[in-house]
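Thank you all for coming. Please have a look at the sequence and the model on the screen, and then I will walk you through a few parts of it.

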Amino acid sequence: MTNHRPIRILHIVTYMSLGGLETLIMNVFRNIDREKVQFDFLVHRKNRAEYDDEIEKLGGRIYRLPRLNPFNPGYYRALDAFFREHPEYRIVHCHQDCLSAIPLAAAQKAGVPVRIAHSHTTSQDKNLKYLIKRYYMTKIPETATHFFACSRAAGEWMFPDQTVRVVNNGIDTAQFSFDPEVRNAVRRELGLQNELVLGHVGNFAPTKNHSFLLDIFKSAHELQPDTVLLLVGNGSLDEQIRAKAKALGFGDAVRFLGLRTDVNRLYQAMDVFVMPSLYEGFGIAAIEAQAAGLRCMLADTIPPECKVTDGAIFCKLQEGADAWAEEILRDKGHNRAGDAELVKSAGYDIQGTASWLQEFYLENG
């Protein structure tokens, strides 16, 4: 046992739900040496989120601010007050994408020497907030000292002309490794027998393109009626997608499984993973699915680094639902055993990611 206190890293997030970037942070948190490095969280929601209990169990602290609103003077006051009250942080790691400049500017004003901006996306939804987010994105280089990204494309999009470190979205590959016994058990739990099971894991948000996913499934289901679709996640479009599935008359062929903490088991029950995202910073679910040995149909909008195994192929969104369905049903007899090792050797095992980040924090803190 060392007598030295661990260095405490402040991660700034929206809230610690079961999303991709939050899962990455937790994967790292579980695998660092917490006698040397501890994680604390500055979140922007009053309600507790799915990972909060585990964060506290691992020794992390959670601080709460109002929602990040660039036009709310009260938010800026709360942010400044936080950094005045917590001068102990020497490293701030911000995951607020385009709006990262706002909390990082407060950290800069408070004299925090290491301020990391971490890009987890390659685009933004073209809604009312788009121009505001693009404006603040241009301010990030004035406030950050280091630039991290989940893929080369995510770095180039958010931090043009900066030196960017790509931090691989590592996973615990052993958790996802194909296991026929687990597959059979989960399929029994879900009442599945010999059906072809398509799956998707992701928030019900515009970028994930669930409406097109249902179109793909409709085409596949017409060609092969014993096809089932498992949808894991929740979000703002949940009711809209449920309504479309009902209108298309799928009945029990489309299963809405909600937010799950056993996603690694659910991958085992699937046969094909389908990810028709409009854009992705990286697409960690695609890496998890490949570790589970799944055939993966990925939109060509997803960074090329996401393809690790022969089971993953890219398909153009503009080719339409019928083309996607035909490719899905073209069974190539993919052998699932051993794919977790391929994912690990490609650099997507969490041990490598956690080791690199731990050394970075220790050297710079």
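Let me begin with a term: a residue is called buried when its relative accessible area is under 20%, exposed when that value is over 50%, and partly exposed in between, using a 1.4 Å probe and protein chains only. What you see is a predicted model, in which local features need a pLDDT of at least 70 and side-chain atom pairs count only at pLDDT 80 or more, while totals for chains, interfaces and linings use all residues. Residues are numbered from 1 along each chain as its sequence is written, and side-chain values use heavy atoms, with hydrogens and water left out. When I speak of helices (H or I, at least four residues) and strands (E, at least two), I mean DSSP runs numbered from the N terminus.

I will start with helix 5, which spans residues 130-137, and whose buried residues are Tyr130, Tyr136 and Met137. Those residues cover an arc of only 135° around the axis, the arc being that of the directions from the helix axis to the C-beta atoms, and this puts them on the same side of helix 5. Among the elements that cover them are helix 3 (73-85), helix 4 (101-109), helix 6 (140-143) and helix 7 (152-158), where contact means heavy atoms within 4.5 Å.

Now compare helix 11, residues 238-247. Which of its residues are buried? They are Asp238, Ile241 and Ala245, and because they fall within an arc of 75° when seen down the axis, they line one face of helix 11. As a reminder, an α-helix has 3.6 residues a turn, so residues three or four places apart point the same way. The buried residues of helix 11 pack against helix 10 (210-223) and strand 10 (254-258), whereas the face turned away from the buried side carries the exposed residues Glu239, Gln240, Lys246 and Ala247. Just after helix 11 comes glycine 249, which takes a positive phi of about 75°.

Not counting residues up to four places away in sequence, asparagine 209 touches Pro276, Ser277, Leu278 and Leu317. Tyrosine 279, which sits in the loop between strand 11 (272-275) and helix 13 (284-291), is 70 residues from asparagine 209 in sequence and 9.2 Å from it in space, C-alpha to C-alpha.

Let me turn to the interior. A nonpolar core is a set of buried Ala, Val, Leu, Ile, Met, Phe, Trp, Tyr and Cys residues joined through side-chain atoms within 4.5 Å. The largest such core has 64 residues, and those with the most contacts inside it are Leu198, Tyr267, Met270, Phe273, Val274 and Trp324. Apart from it lies another core, of 30 residues, among them Leu10, Tyr89, Leu99 and Ala106.

Grid points are joined across faces, edges and corners, and a volume is the space filled by probe spheres set on the points. The structure holds one cavity of 30 Å³ or more, and about 60 Å³ of space lies in the largest cavity. Its lining includes His11, Phe39, His93, His95 and His118, and helix 1 (20-31) and helix 16 (350-364) each supply at least two residues, with helix 1 giving the most, namely three.

The second largest pocket holds about 220 Å³ of space, and among the residues that line it are Asp271, Arg295, Asp331 and Arg336.

Definitions and conventions:
On a 1 Å grid over the protein atoms alone, a cavity is a set of points where a 1.4 Å probe fits but cannot get out, and a pocket is an open set with protein on both sides within 12 Å along at least five of seven lines; lining residues have an atom within 4 Å of a point.
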